[in-house]
Amino acid sequence: MTILVTGAAGFIGSNFVLDWLNQSKEDVVSLDLLTYAGNLENLCSLNDNPHHHFVQGDIGDRNLVSSLLEKYQVRAIVNFAAESHVDRSILEPTDFIGTNILGTYNLLESARIYCNNLDQNLKQDFRFLHISSDEVYGSLSSSDPPSNERDSYKPNSPYSASKAAGDHLVRAWFQTYKLPVFTVNSANNYGPYQFPEKLIPLCILNALQGKPLPIYGDGQQIRDWLYVKDHCAAIREILKHGQIGETYNVGGWSEKTNLEVVESLCSILDALKLKSNSKSYANQITFVKDRLGHDKRYAIDASKLERELNWKPEETFETGLRKTVLWYLENEAWMHHVVSGEYQHWIQKQYS
Ligand code: NAD
Ligand code: DAU
C-alpha cells in the first residue's frame, strides 16, 4: 500500500516522509509544487529508496492527483501542501487563497471521486488527513485557557483565514459526502529543515552571520512550540487510531514569548559556538516594526490526543531547541543552498 504526502518537500512534510519511511512498510508518493518553500534537498537521502516516489505538481491539478491515486492505489492522503508564512500572506495573499482554499477543495474532490470508486474493503481503509494550524482559533488573552477542539474559529490573518476556510471544506466533505477525514490543528513547529523565514531558523542563521535578530514589536507575543518529530508521531497515531471526522489539536505544552525563544537559542549558541569576541549572541537582538494584526497569544490544549490516542510530546522546548540548533550547526551547507536566490529577495522586502 501507498500513502500520498502533499507538500512533502517542505519543512514538516519532509520530516514526516523521512520518519514514515523509517518505521513503516507502506510506500510514499511525495507530491510537491516546489514553490520557494519546497526543497528537494530535504529528501535527498531517499534518492535510492525504491519505496519513495517524488512527483512535482500542484494539489489543485485534479488530473494529476487522480492519476497518482489510481496508479499507486493510494490508501491515505496527508495534506501538508500550503502557503505557510504569515508575513508573506500579509504582503501578498493571492497564493494563500489559491493553494490553501482552492487547492484543498480540488484535492478533496479528487479524493472523493477516487474513494467512491474503491471497492468496499479499500474504501473502509481510506483516510484523508488535513494539516491545519492553531492560528484558526485566533488570538487568546493571557487569562484564556488553551484552545481546544470545540472552540470556534476566529482567524485574523490572510494566512489563518485561508487555513480556516480549508478546514471548513474538509469538514463539509465529511458531513456531506462521508469522506473519511481528520483535521489536525498544530502549534508552532520547529526542528530540522525549516525554511529560514520563520523565527527560529531565521534567528539561528542571522546569529551565525552576525546580523540583527529581529523581534517584532515588544517580543511579548506568545506561541506554543512543538518539536516537528513529535508532530509527525502524532499524525502517525491519528492515521492509525483516530476517529473519522474528528479534529485533533497537537501542541507542545510549551508557551514562550518570542523574546524568551530568541534568548534561549542565543544561550544554546553561546554554549555550542562561542563568538570570537566572547560576547553573547543576545547582543544582536533588535526590536523592529511589529507585524500587522499580530496575534498576541496562541496556546493548544492537546489533552484530547493524550486521552484518546495516548500521544504526548517527547521533547521539552529545551531539549528540542538544543537538537534544532545542533542540526543547523551541522548542516551549514543545507542552509547556504537554501538562502541563495529568492530568499535574499524576501529578506530585503520584509526587513529593509
Ligand atoms: P512549508 O512552507 O515549509 O512547506 C509547504 C510545502 O508545500 C512546500 O514544499 C511547497 O512547495 C508545497 N506547496 C505549496 N503549494 C503547493 C501546491 N499548490 N501543491 C503542492 N505543493 C505545494 O510549510 P510547513 O511549515 O511544512 O507547513 C506544512 C503544513 O503545516 C501547512 O499546511 C501549514 O499550514 C501547517 N502548519 C505549519 C506549522 C508550522 O509551524 N510550520 C504549524 C501548524 C500548521
Ligand atoms: O501557530 C502555527 C503557525 O506557526 C503555522 O500555522 C504557520 O504556518 C507558521 O509559520 C507559524 O506561524 P507564526 O507566524 O507564529 O511563525 P513565525 O516563525 O513567522 O513567527 C513566530 C513569532 O515570532 C510570531 O509571533 C512573529 C514573531 N517573529 C517572526 C519573525 C519571522 C518575529 O518577532 N520576528 C521575525 O523576524
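**Close-up 1. The residues around ligand 1 in the predicted model**. The shell around ligand 1 holds 28 residues, each with a heavy atom within 4 Å of the ligand. Closest are Ile12, Asp32, Ser84, Tyr159 and Lys163. By class, the shell splits into 13 nonpolar, 12 polar and three charged residues. Here Ala, Val, Leu, Ile, Met, Phe, Trp, Tyr, Cys and Pro count as nonpolar, Asp, Glu, Lys and Arg as charged, and the others, Gly among them, as polar. Residues are numbered from 1 along each chain as its sequence is written, with chains lettered from A and ligands numbered from 1 in the order in which they are written. Local features need pLDDT of at least 70, side-chain atom pairs count only at pLDDT 80 or more, and totals for chains, interfaces and linings use all residues, while side-chain values use heavy atoms, without hydrogens and water.

**Close-up 2. Polar atoms at ligand 1**. One nitrogen atom of ligand 1 lies 3.1 Å from a polar backbone atom of Leu33. A nitrogen atom of the ligand is also 3.1 Å from an N or O atom in the Thr99 side chain. Tyr159 places a polar side-chain atom 2.6 Å from an oxygen atom of ligand 1. The protein covers 96% of the 830 Å² of accessible area that ligand 1 has on its own (Shrake-Rupley method, 1.4 Å probe). Helix H1 (11–23), strand S5 (127–133), helix H6 (158–177) and strand S7 (188–190) each give two or more residues to this shell. Helices (H or I, at least four residues) and strands (E, at least two) are DSSP runs, numbered from the N terminus. S5 gives the largest share, three residues.

**Close-up 3. The surroundings of ligand 2**. Around ligand 2 there are 24 residues, the closest being Asp134, Tyr159, Asn188, Arg291 and Tyr351. The shell has 10 nonpolar, seven polar and seven charged residues. A polar side-chain atom of Asp134 sits 2.5 Å from an oxygen atom of ligand 2. For Tyr159, the corresponding side-chain distance to a ligand 2 oxygen is 2.6 Å. A polar backbone atom of Leu199 is 2.8 Å from an oxygen atom of ligand 2. The protein covers 95% of the ligand's own 690 Å² of accessible area. Helix H3 (86–91), helix H7 (199–208) and strand S8 (213–216) each contribute two or more residues. S8 gives the most, three residues.

**Close-up 4. Glu246 in its loop**. Glu246 lies between helix H8 (228–241) and strand S10 (247–250). Its relative accessible area is 28%, so Glu246 counts as partly exposed (buried is under 20%, exposed over 50%, partly exposed in between). Glu246 touches Val181, Phe182, Thr183 and Lys304, leaving aside residues up to four places away in sequence (contact: heavy atoms within 4.5 Å).

Technical notes
Polar contact = N/O pair within 3.5 Å; in protein donor to acceptor, adjacent residues only side chain to side chain. Buried < 20%, exposed > 50% of the residue type's maximum accessible area, 1.4 Å probe, protein only.
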